[in-house]
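Hi,

Here is the structure I said I would pass on. Have a look at it first, and my notes on what turned up follow below.

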Amino acid sequence: MADEHSGNDTSSSGSPVGDQQPEKIRKAASEAVSEASNLVRDGKEKAKSAAADAALTVTDISKKFLDRQLGTGATTVGHLANSIRVAADSLQRESPVLGGVIRGLANTVDSYADDLKDQTVEQLVHSASDFTRRQPALVFGLAALVGFFTFRTVKNTSAVEVRRRSPSEGTMADFEARREDQ
């Protein structure tokens, strides 16, 4: 009984029990950490693969959608070319020179529509970037014109909105101006 209380218990193999248990626990913990690390690594690789697959799928779907929209746009431009031809036919009777110019414009627009039908969005973007590299001044000038017309449109729209206000909503100067107009 003195052995039971002395803390010198021995296992059947004769080694102290207290020495084997922490070693087994450390080994099991090490194996568990290693296994968890492997699982995390595998999960990380699977997540990356799934994300890459999802991105490719979304990209492919987006490209197909944009290509269909480009085809629809090309068809619409073709309809515009036909409308321009009808206008050219009408003008041909009154002014043959102007009718010829308008017909040439219709042919050019129709040619662009045919070119658009045969291109993908990637090809169109590549063509646009090539054109921008070759003609940066022209692209900048067109962007400036678009900006100018957009600014003027917004400014005129807001001016029309102010004129539509009732006298109670406007300023006293607006009220006086309306009264003078009547």
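Start with I84: once its neighbours within four places in sequence are set aside, I84 is in contact with I102, L105, A106 and V109. Bear in mind while you look that this is a predicted model.

Leaving out neighbours within four places in sequence, R85 has contacts with R103, A106, N107 and D110.

Now for α3 itself. It has 22 residues and runs 31 Å from first C-alpha to last, close to the 32 Å expected at 1.5 Å a residue. The buried residues in α3 are G99, I102, A106, V109 and A113. Looking down the helix axis, you will see these buried residues fall within an arc of 85°, so they line one face of α3. And what does the face turned away from the buried side carry? There you will find the exposed residues P96, V97, V101 and Y112.

Zooming out, the protein chain has six helices and zero strands, which reads as α-α-α-α-α-α along the sequence. How much of it is buried? Of the 182 residues, 7% count as buried. The accessible surface comes to about 14,500 Å², with 60% of that belonging to carbon and sulfur atoms. As for contacts between residues at least 6 apart in sequence, 40% of them join residues at least 24 apart.

A word on confidence before you set anything up. The average pLDDT of the protein chain is 80, and 76% of the residues score at least 70. Residues 1-15 are where to be careful: pLDDT stays under 50 there, and the model has ten contacts beyond four places in sequence for that stretch. Where pLDDT is low, the predicted coordinates should not be read in detail.

Cheers

Conventions: Residues numbered from 1 in each chain as written. Predicted model: local features only at pLDDT ≥ 70, side-chain atom pairs only at ≥ 80, totals over all residues. Heavy atoms only, no water. Contact = heavy atoms within 4.5 Å. Helix = DSSP H or I, 4+ residues; strand = E, 2+ residues; numbered from the N terminus. Buried < 20%, exposed > 50% of the residue type's maximum accessible area, 1.4 Å probe, protein only. Areas by Shrake-Rupley, 256 points an atom, 1.4 Å probe, with all protein chains shown as cover. Expected span 1.5 Å × (residues − 1). Arc of directions from axis to C-beta. pLDDT = per-residue confidence, 0-100.
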